[in-house]
Amino acid sequence: MPVPGASFRLLLAAAAFLALMASSLYRAAQSVPATEAIAEAPAGMSAPTASPTPLYVRDFVPETPARYVHSASAVDLGDGRLLAFWYAGEEEGTRDTKIYGARFDPLRNEWGPLEILLTRPQLAQGLGRKVKKLGNPVMTMLPDGRLALLVVSTAAFGWAASNINILLSSDEGKSWDSYRQLQLSPWFNLSTLVRGVPRHYANGDLMVPVYHEFMGKFGEILRLDARQEVVSKKRLTWGRDTLQPTVAAPLDADGAVAFLRSARRDVHRVTMVHRDPQTGTWGDPVVTQLPNPNTGLDALRMADGGILLAFNDHPVDRTHLTLARSDDNGASWKRLWVVEVGGPKSRDVSYPALLHAGDGTYHLFYSWRTSEIRHVMFNQAWLDARQ
């Protein structure tokens with residue numbers, strides 16, 4: 001006998017509640033103190049070289065043959081070249097969605113051809129389980145030189161029923177050696193997503209900013225060891241107010257700082273959480289004065305200890321994509337540059353991703369009207385001239 005829709009939703013909600021409770025107990029039982037320092041940069045990254053001449057270049061990555069193009073990021077391949085990647089399809093969450101990529105050569109200042117890094121059937125075959133759709137990809141280079149891709153997928157329902165999968169590559173993302181779905185709960189393994197770039201602890205473990213969307217919207221920090229096994233998950237926020245944390249990793253004695261997207265209807269501002277460098281404990285969330293129109297943002301720690309933030313400087317619309325700098329660990333900010341104004345609705349400029357490459361250049365990627373990926377390259381001399 002078919003289950004009525006209302007009863008089915010009640011059953012699903014009860015199951016998710018039990019899953020979240022079990023997940024909390026599971027994590028508490030196996031959690032370990034995160035007292036190790038956070039590495040300044042992934043292993044293998046060369047020292048930045050400074051240029052006295054300001055550099056600011058704006059272009060697009062290779063055009064993607066899809067209507068909906070979104071959620072770009074990039075990884076330094078260790079020799080100055082970059083691999084940028086994003087997901088695209090007919091619409092967000094349709095079955096034709098793929099993870100696309102392209103490689104950037106800074107010596108020639110040009111992009112290579114468009115590549116398909118991952119498809120839904122490919123992920124389903126690799127995992128040996130059903131995959132309905134693909135979403136937010138992020139990537140990092142491991143200490144042994146392999147690339148680790150973390151990508152969101154669902155087997156059914158919407159993004160609130162997501163899983164996180166990790167794929168490893170020994171040939172710079174041209175193929176994948178292994179596929180595995182992270183087990184983040186002892187029962188139902190639902191509603192954990194990723195958007196922020198992973199950072200590295202000094203011992204090689206990964207710090208992965210993750211978040212939940214079902215029966216709560218909140219940020220967490222996931223810790224993976226050298227075998228990419230889950231060591232712990234630690235809460236950043238509670239309730240239904242925040243999503244998609246990004247972490248500015250520390251230099252020297254400064255603690256890490258997480259910044260989260262607003263999910264509230266009444267307060268459209270960025271939330272900030274500090275990590276104590278001695279104990280590894282994350283403090284209480286603080287709602288800042290920086291606006292956030294319920295969209296992604298990104299931050300990174302610069303070589304001089306400052307924090308560079310890319311965000312939409314508007315309380316309602318995904319417009320005014322802006323670079324700002326803080327020299328006091330997020331207590332105050334100076335707007336440096338409006339990268340692009342954009343417009344409301346379909347003309348938005350959003351979901352920025354920042355990268356400080358090994359050659360010293362900075363790179364910003366963002367969704368341009370959800371139809372293309374914009375790329376902006378600049379250097380420290382250009383940033384210094386904005387101050």
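In this predicted model, the side chain of Thr237 reaches the backbone nitrogen of Gly219 at 2.8 Å. A polar contact also joins the side chain of Thr237 to the side chain of Thr242, at 2.6 Å. Thr237 sits in the loop between strand E15 (230–235) and strand E16 (242–248). Its relative accessible area is 2%, so Thr237 counts as buried, the limit being under 20%. Leaving aside residues up to four places away in sequence, Thr237 touches Phe218, Gly219, Thr242, Leu260, Thr271, Val273 and Pro285.

The largest share, 3 residues, comes from E16. By type, the lining of the second largest cavity divides into 5 nonpolar, 4 polar and 2 charged residues.

Now turn to helix H2, residues 120–127. At its start, a side-chain oxygen of Thr119 comes to within 3.1 Å of the backbone nitrogen of Gln122. Gly128 follows H2, and its phi is positive, near 70°.

Which residues of H2 are buried? They are Arg120, Leu123, Ala124 and Leu127. These residues cover an arc of only 100° around the axis, so they lie on the same side of H2. The spacing fits a general rule. An α-helix has 3.6 residues a turn, so residues three or four places apart point the same way.

What do the buried residues of H2 pack against? Their partners are strands: E6 (115–119), E7 (133–141), E8 (147–154), E9 (163–169) and E10.

E10 leads on to another loop. Leu184 lies between strand E10 (178–181) and strand E11 (193–194), in the loop that links them. Is Leu184 buried or exposed? Its relative accessibility is 4%, so Leu184 counts as buried. Along the chain, Leu184 and Val230 are 46 residues apart.

Technical notes
Residues are numbered from 1 along each chain as its sequence is written. This is a predicted model: local features need pLDDT of at least 70, side-chain atom pairs count only at pLDDT 80 or more; totals for chains, interfaces and linings use all residues. Side-chain values use heavy atoms; hydrogens and water are left out. Helices (H or I, at least four residues) and strands (E, at least two) are DSSP runs, numbered from the N terminus. Buried means under 20% relative accessible area, exposed over 50%, partly exposed in between (1.4 Å probe, protein chains only). The arc is that of the directions from the helix axis to the C-beta atoms. Contact means heavy atoms within 4.5 Å. A polar contact is a pair of N or O atoms within 3.5 Å; within protein, one must be able to donate a hydrogen and the other to accept it, and residues adjacent in sequence count only if both atoms are side-chain atoms. Ala, Val, Leu, Ile, Met, Phe, Trp, Tyr, Cys and Pro count as nonpolar, Asp, Glu, Lys and Arg as charged, and the others, Gly among them, as polar.
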